[in-house]
Amino acid sequence: MQKSSLSAYMPAALSSFRCGAFDMRIVTLPADRQACFALRLRAYAVYLPPNEIPANGLYTDPFDDLATTLVMGAYDAGRLVASMRLCFSRAWDSTLTLPCAPYYPELETIKSSSSGALMEVSRVAIDPAITNTSYRTTLYASLVRLGLIAPHAAGVSTVLLATQAASEKFYRYMLGLE
């Protein structure tokens with residue numbers, strides 16, 4: 001797979017950087033992307049009906065292959081421990097580059113009133129084999145930090161986070177998201 005054309009809009013320093021104890025990378029090599037999609041499936045499998053678990057062991061969808069999407073991997077001592085997806089909708093892009101678009105008709109209004117690009121954070125996944133609560137919390141905080149650094153570095157004006165209703169309060173009160 002070619003490096004996403006969106007990578008050209010990201011500062012080189014963001015393609016791979018240290019965030020706390022973890023190395024964060026834009027994942028472009030096919031084997032690394034597959035490792036992220038396999039980790040994602042392991043993390044999400046408990047939420048999927050058995051008939052929706054992909055036989056190939058990879059949890060992916062068409063958004064993963066868009067030029068406006070970056071797949072990020074979090075590594076600890078070279079081992080993939082988490083991943084997340086950042087989907088962008090620049091001024092000239094349709095909102096259909098964002099996974100949440102079909103579910104939120106108000107997105108067009110948000111985009112038209114936005115002063116820059118939109119970015120949706122999605123498919124956050126931590127390796128379920130990691131059971132140490134302190135480690136998981138630190139890792140999750142690093143992913144949240146990445147979700148705040150990336151839009152700043154890319155000139156994004158609006159960050160979107162489509163989440164389950166049960167998690168909405170956390171993002172509203174802890175991060176000030178609307």
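The charged end of Arg123 sits over the ring of Tyr44, 5.8 Å from the ring's centre. For a charge to count as sitting over a ring, NZ of Lys or CZ of Arg has to be within 6 Å of the ring centre and within 35 degrees of the ring normal. There's another case to look at: Arg25 lies over the face of Tyr75, at 3.8 Å from the ring centre.

A quick word on the model: it is predicted, so local features need pLDDT of at least 70 and side-chain atom pairs count only at pLDDT 80 or more, while totals for chains, interfaces and linings use all residues. Residues are numbered from 1 along each chain as its sequence is written, and side-chain values use heavy atoms, with hydrogens and water left out.

Now for rings that meet rings. Rings of Phe, Tyr and Trp (its six-membered ring) pair if their centres lie within 6.5 Å; planes under 30 degrees apart are stacked, over 60 edge-to-face, and the rest tilted. That rule gives 2 aromatic pairs here. Phe22 and Tyr135 are edge-to-face, because their planes are at 85°, with centres 5.6 Å apart. This pair links distant parts of the chain, since Phe22 is in strand β2 (residues 22-26) and Tyr135 is in helix α3 (residues 133-154), 113 residues apart. Helices (H or I, at least four residues) and strands (E, at least two) are DSSP runs, numbered from the N terminus.

Phe22 is buried at 1%, whereas Tyr135 is partly exposed at 23%.

Tyr44 turns up again with Tyr59 in a tilted pair, 5.4 Å centre to centre and 45° between the planes. Tyr44 lies in helix α1 (residues 30-44) and Tyr59 in the loop between α1 and β3, so the pair ties together parts 15 residues apart in sequence. Both Tyr44 and Tyr59 are buried.

Next, follow strand β4 (residues 79-89): 10 of its 11 residues are buried, so the rest of the structure largely encloses this strand. Strands pair if DSSP finds at least two bridges between them. β4 pairs with β3 (residues 69-76) in the antiparallel sense over 8 bridges, and Ala74 stands opposite Ala82 in β4. β4 also pairs with β5 (residues 117-126), again antiparallel, over 7 bridges; here Arg85 stands opposite Ser122 in β5.

Terms used:
Buried means under 20% relative accessible area, exposed over 50%, partly exposed in between (1.4 Å probe, protein chains only).
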